[in-house]
Every structure is written in C-alpha cells, then in structure tokens.
Amino acid sequence: MNAVEVQSLHKSFKDLDVLQGVDLRIPSGSIYALLGSNGAGKTTLVKILSTLLPADSGTATVNGFDVSTEPQQVRASLSLTGQFAATDAVLTGWENLVLIARLRKQPEPQKIADELLEQFDLTDAGTRKVATYSGGMRRRLDIAMSLVGNPSMVILDEPTTGLDPQARIQTWQSIKSLAESGTTVLLTTQYLEEAEQLADRIAILHEGTIIQEGTLEDLRKLMPAPHIEQVVQQATLEDIFLSLVSSPNVSEGAQP
Ligand SMILES: Nc1ncnc2c1ncn2[C@@H]1O[C@H](COP(=O)(O)OP(=O)(O)OP(=O)(O)O)[C@@H](O)[C@H]1O
Ligand SMILES: [Mg+2]
C-alpha cells in the first residue's frame, strides 16, 4: 500500500511553472527523500500534500484520501514539520508538547510530553525554555511535536538545514527510529548525504518533474560507467545527482 500517490501534478505561481507533471508513489512505512536544488519546488509539493496549497491540476492522495476533496482526512493522517521551526521559544519543551497535545485533543497530554521528551533525549532540557536550546535540540523537539497524536505519516521539510554535523546525526537517529516504529517519513533535503544515510527511496525533483526515482542502488546504476571506473569507489549520491541534473538526455528521457 502506498502512503502517497501523486499523478501529473501541476502548480504555477503566475508565470513560474514550478511543478510540471509530478508523479510520485511513496510506500507506507518507508523513509522517502525528495531531493532538489533551491527553488526546485520541494516545499511547494509538500504543501500541496499537506493541503496547505491547492494544486492547479493532477491528483494527490495521502493514506488513500484525496488532498482536494478530503482535506480533513488528509490533515488527520499526517503531520508536517515546516522548514522553519514551529516551537514557541518562551515556553519550555515540555510545555510546547503539552500544548500541542491539548490542541490535538489527546487524552493524556502530560504523559505524551514526558514520553516524547524521553524518546528524543530531551528529558533534562524539557524544563528549560526553548529559547535556550541549540539548533539540534530545537529540531528534535520539532520532530517530537510532529509525532503527537501518532500520525501515520510525517513530512519533514529540510529537517537538518542549518544544523552542525553532530546535531544532524542526532536528528537522523530520531528520524530512523520514527520509521522503525512504522511511521511513513517523507523528507525534503538539499543534502545528498542525508538522503543517502536515511532514505529507502529517493526522488530527484528537477525543472518541474521527478527526473529519477529509486533506491540508492537503482540510482547508482544510472551513473555513466566510465565515471565509476574513473573514481574506482562507488559513486556517491552527489556524483549521481550532479550528473543527472546537468545531463539534458536524462531529464528528457524521463519525460512522458
Ligand atoms: N507563494 C508563492 N508565490 C510565488 N512564488 C512562489 C511561492 N511559493 C514558492 N514560489 C516560488 O516557487 C519556486 C519553488 O519554491 P519552493 O519553496 O517550493 O522551492 P524549494 O525546493 O522548497 O526550495 P528551498 O530548497 O530553497 O526550500 C521558487 O522559485 C519560489 O520562489
Ligand atoms: Mg523548501
């Protein structure tokens, strides 16, 4: 079963055609990385999936619900953690979690807050104001907040942008444990290493369409053979990405 199915999705802002026929299928319970350069349309796509933005044409379903005709069911089945932190800095981590649990009408908000703080290694920090947190702690709290109410899918828009390497690795750990508990995770990233480390499948959004999609192994097979011989080691996702987005043949070949 697919958590997300997207077919020929189009979205323009005035003259700017951002999504020009996006097709996407995300298997339930997997970690799926949507990769693309600045301005490729990653945030636009996840906003459409979370019903924050209407598409111009095409269809998208989340957990079987249509984003345009069943927005409430879609919203109830997913949680979006935006590109910019949604926590309230004057509250403590614990208070933020209790607040969101109340908003989502959970039966035991305080118990949920305690459990999530522990799960994200924030128990000690939980009594401090979020204003005093490091970037990595804030990001982990963000992800913890997105889990309140056990959504079956979590969308993380650039979960580690701006974090130092150590905080990034901690956040990756949190994302991995999310997926181990059965949650479908869709993350957008500009960090190829992030997709490489985390994702079961990777899609590359470029010039309005998904130009390639597959497992890291699938994508590796696309690397031109001479280049692989040249570097001897296996191609990194960075090599693959750069070769794909700079090769007109590949992107044309992927168009219907
Ligand atoms: N509300 C809007 N009105 C007009 N243009 C917009 C709007 N939202 C996004 N755009 C434009 O659409 C394009 C795609 O933006 P989007 O935010 O989806 O990219 P992105 O892949 O998330 O980029 P980044 O990696 O920088 O977050 C950009 O050129 C952006 O300027
Ligand atoms: Mg974005």
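Helix H1, spanning residues 42-49 of this predicted model, is mostly covered, with six of its eight residues buried, a residue being counted as buried if 20 or more other C-beta atoms, placed from the backbone, lie within 10 Å of its own. The buried positions in H1 are Lys42, Thr44, Leu45, Val46, Ile48 and Leu49, and the helix is followed by Thr51, whose phi is positive, near 70°. Helices (H or I, at least four residues) and strands (E, at least two) are DSSP runs, numbered from the N terminus.

An open sheet of mixed pairing is formed by six strands in the order S6-S7-S8-S3-S9-S10, where two strands are taken to pair if DSSP finds at least two bridges between them. Strand S6 (78-81) and strand S10 (209-214) are the edge strands, each pairing on one side only, and the twist from one strand to the next averages 15°. Within this sheet, S3 (residues 31-35) and S9 (residues 201-206) pair in the parallel sense over four bridges, and Ala33 stands opposite Ile202 in S9.

Separately described is the pairing of strand S1 (residues 2-13) with strand S2 (residues 16-27), which run antiparallel and are joined by nine bridges; Val4 stands opposite Ile26 in S2. The hairpin of S1 and S2 has two residues between the strands, and Lys14 there takes a positive phi near 50°.

Residues are numbered from 1 along each chain as its sequence is written, with chains lettered from A and ligands numbered from 1 in the order in which they are written. Because the model is predicted, local features need pLDDT of at least 70 and side-chain atom pairs count only at pLDDT 80 or more, whereas totals for chains, interfaces and linings use all residues.

Definitions and conventions. Axes are lines fitted to C-alpha atoms, for helices over the stretch in contact, and angles run from 0 to 180 degrees between N-to-C directions. A residue is buried if 20 or more other C-beta atoms lie within 10 Å of its own, exposed if 12 or fewer, and partly exposed in between; C-beta atoms are placed from the backbone.
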